Amino acid sequence: MPRQETADERARRKARNRRIVVSFFAFIGLVAVLESPLARVRHIRVSGNTTVPMAQIVAASGVAYGESLWAVNRRRAAMAVVAKVPMVDRAAIDVSWPSGTVSIQVHERDVVAVYAARNGFYELMSNGYVYQKIASAAGLSYPILTGQEPVLYVHQMASAAVSSVCHQLAQVPASEVNHVSEIQVNGDGTVTLYLDNDFEVLADVADLRGAMAAIGPAVDYFVAKGYRPGLIDLTGPPPYRYTPFSSLPGATAKASGASSQGALNGGTSSTAVSHP
């Protein structure tokens, strides 16, 4: 004769059966939610773009209309936009469940310089990306870059040295860039900066940002001491070395204004002086 269930056993069995039934319907409900059109991407919005087309940003993100909102990996999509669209500096993704909307907010890079190549003038973004070719650099507020790249191509990256210069220029205050008319990338890890006051500055590519901050005080110091325009070497720590144009190899008529500087230097071709 079968053993009769006790009241406690019967209660536990009923509770277990209820849990199974509840779990089953919860699973069915979850599947229904996941497969429901309400849980799909119904709208994609892009903001912050002024030059990059919306379609290009959406394609780079990998987000597609009709895919499950659960499948949208916001961090991965944002990283994909930055990696695939050179003109985008950063991106953020937001998902709105009630409306089924994926919002992509981007921040585009700024133009920081104009490269003078043999085949024309090109605007460069802050990462060294060649944005577009322009007719002339006249009237622009960006410094002109020259260097070892005679030819550039739109929508490609410039060399590592030029890209490094662009990256650092984006971090320099406008007040420190405004007095620089041209930056020549020398190809040996240094750059020559041509200033509006006719001074020239030699600096390391890797420390261009620091050199830009030191230019003003260094030039002011030499001017206060009576030095005429010449070359100031900022490739090392102070004291910075000054050389008159007349003493530089291959000096041209441009240096005639500094030819009398030897008297200020006590007859020497250069002098090392630290500024306060």
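Here is a short tour of some strands and helices.

This is a predicted model, so to speak in its own terms: local features need pLDDT of at least 70, side-chain atom pairs count only at pLDDT 80 or more, and totals for chains, interfaces and linings use all residues. Residues are numbered from 1 along each chain as its sequence is written, and side-chain values use heavy atoms, with hydrogens and water left out.

Start by selecting 43–47 and 88–96: these are β1 and β2, the edge strands, each pairing on one side only. They belong to an open, mixed sheet of three strands, ordered β1-β3-β2. Strands here are DSSP E runs of at least two residues, helices H or I runs of at least four; two strands pair if DSSP finds at least two bridges between them. Click Arg90 and you'll find its bridge partner in β3, His107.

Now select 160–169, helix α4, where the buried residues include Val162, Val165 and Leu169. Buried means under 20% relative accessible area, against over 50% for exposed and in between for partly exposed, with a 1.4 Å probe on protein chains only. What covers them? Among the elements covering the buried residues of α4 are β8 (180–185), β9 (190–195) and α6 (208–224).

Stay with β9: five of its six residues are buried. On one side, β8 pairs with β9 in the antiparallel sense over five bridges, and Glu182 stands opposite Tyr194. In the turn of that hairpin, Gly187 has a positive phi of about 90 degrees. Finish on β10 (200–204), also joined to β9 by five antiparallel bridges; Thr190 stands opposite Asp204 there.

Methods. Contact means heavy atoms within 4.5 Å.
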